[in-house]
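Here are my notes on this model, as numbered points. Have the structure open while you go through them.

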Amino acid sequence: MPFNSDEPKPSFQPSNKVKVMSKPMPPPSRGGSYMGQPRSGGTSGMEGSMSVNSIMTTKEKQKYIEDYNFQYCDEASKYEKIAKIGQGTFGEVFKAKDRKTQKKIVAMKKVLMDNEKEGFPITALREIKILQLLKHENVVNLLEICRTKATLSNRYKTTFYLVFDFCEHDLAGLLSNINVKFSLGEIKKVMQQLLNGLYYIHSNKILHRDMKAANVLITKTGILKLADFGLARPFSFSKNSAPNRYTNRVVTLWYRPPELLLGDRNYGPPVDLWGAGCIMAEMWTRSPIMQGNTEQQQLTLISQLCGSITPEVWPGVDSLELYTKMELPRDQKRKVKERLKPYVKDPFACDLLDKLLVLDPSKRADSDSALNHDFFWTDPMPCDLSKMLAQHTQSMFEYLAPPRRPGHMRPHHQQAAVINPTAARATTSSVESGYQDRVF
Ligand SMILES: Nc1ncnc2c1ncn2[C@@H]1O[C@H](COP(=O)(O)OP(=O)(O)OP(=O)(O)O)[C@@H](O)[C@H]1O
Ligand SMILES: [Mg+2]
């Protein structure tokens, strides 16, 4: 479970756009009020022989549940599944078509209910509440919540789906295909939209907490959408009050910032900006830049790239819970620009990367200052992606792509070799040889 129980609960006003009820409630056997309405014109157990005050038989209860009319929550069968496009930690994602219009294409994310004894999972509820709050061109659009009918054949277990506007690609899928070539102006457009999305969500006091290429969607017209708010949460700054105690078990390891790896629980938007830096570098390297196998290894890789983690470069780091518990390489020089230069030829890009991949979160660029960086304001200016994407008719998703080559960024001395991303498959030996091989 990504959330600790000690995390403060989100404090949103529920929107009336999408309402979710976890289970249909049978009517009380003696009077009382009802949560929903039997389907009009249907054959609900409320009609015919049964009166409000009578005790329902099992059959009548089953019929009532089957016919229960969830307001605001249509049946998932209104969509026809076309293909599976994702398999995440929390469920499957499908591409589907609206049966009625035969036109509207959506993505349906199944809500995993397997381990839920207490009704609708709190993680999915959070994701929904946050998605209801966020409405922006660069954030994935939640259309509605759907559910399957509860029947005897599924043992009266309803499956819920989050239904989104469909995006043709995710960035991990695009980067894993060598035929997809981004020009400098196109990379700028990707990063500008990504930072715009972050600027928007952070302004709305939401942390994403799972920035990675697979969670960045791109439509065929070149519009980028931040997706997967399954780990997102609201945040507030704890200026005069007690420090926040958010869980630090968030963010996919390869994109996890040093403060989380060192046990910080009072973190904020900079955690997402670290991920933005990792994704930005990946636009050139085409593969995640730091692929540790453990939290310790990840910290080692970060130190080898960004320099030793010390109170000199990061005042206060020594008070983080894991500072003395983790092994932190000493005497490492900061080499972000030096080691990225062979991939990222543009000096403005290198400079922005250097400002995003900063160890001390309080000195890391925020989305506003990143958007103001010369990288976005010098020729070639950010340019539309639709022309480039029009050359590719197939959708590209991480789930459908071959595994990307681990360790695209080589040890420094091997770096001269031009790396061919077609060799995207990880060999067993490269995996077994450990992370050291993968440090460039
Ligand atoms: N709206 C959408 N349009 C197209 N594809 C989508 C959409 N939403 C999700 N996907 C695809 O499904 C994948 C998984 O979705 P998502 O990241 O939301 O689920 P998840 O279960 O939280 O994943 P994980 O735990 O692996 O991060 C995405 O990486 C993307 O490829
Ligand atoms: Mg995801």
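1. One term before we start: a polar contact here means a pair of N or O atoms within 3.5 Å. Keep in mind, too, that this is a predicted model.

2. With that cut-off in hand, look at ligand 1. One of its nitrogen atoms sits 3.0 Å from a polar backbone atom of Asp 165. On the oxygen side, a ligand oxygen is 2.8 Å from an N or O atom in the Lys 109 side chain, and an oxygen atom of ligand 1 lies 2.7 Å from a backbone N or O atom of Ala 214. How much of ligand 1 does the protein bury? On its own the ligand exposes 620 Å², and the protein buries 93% of that.

3. Now the shell. There are 22 residues around ligand 1, and those that come nearest are Thr 89, Lys 109, Asp 170, Ala 214 and Asp 228. By class, the shell splits into 11 nonpolar, five polar and six charged residues.

4. Where do the shell residues come from? Strands E3 (79-88), E4 (91-98), E5 (105-110) and E7 (160-165) are the elements that each give two or more. E3 gives the most, with three residues.

5. The pocket lining draws two or more residues from each of E3, E4, E5, E7 and helix H5 (258-261). E3 has the largest share here, at four residues. Sorted by class, the lining has 21 nonpolar, nine polar and 11 charged residues.

6. Two bits of backbone deserve a look. As background, most residues other than glycine have a negative phi, and most peptide bonds are trans. Tyr 156 has a positive phi of about 60°, although it is not a glycine. You'll find Tyr 156 in the loop between strand E6 (142-147) and E7.

7. The other one is the peptide bond from Asp 379 to Pro 380: is it cis or trans? This bond is cis, with omega near -5°. Pro 380 has its place in the loop between helix H10 (367-371) and helix H11 (386-390).

Terms used: Residues are numbered from 1 along each chain as its sequence is written. Chains are lettered from A and ligands numbered from 1 in the order in which they are written. This is a predicted model: local features need pLDDT of at least 70, side-chain atom pairs count only at pLDDT 80 or more; totals for chains, interfaces and linings use all residues. Side-chain values use heavy atoms; hydrogens and water are left out. A residue is near a molecule or strand if one of its heavy atoms lies within 4 Å of it. A polar contact is a pair of N or O atoms within 3.5 Å; within protein, one must be able to donate a hydrogen and the other to accept it, and residues adjacent in sequence count only if both atoms are side-chain atoms. Accessible areas come from the Shrake-Rupley method with a 1.4 Å probe; for residues, only the protein chains shown count as cover. Ala, Val, Leu, Ile, Met, Phe, Trp, Tyr, Cys and Pro count as nonpolar, Asp, Glu, Lys and Arg as charged, and the others, Gly among them, as polar.
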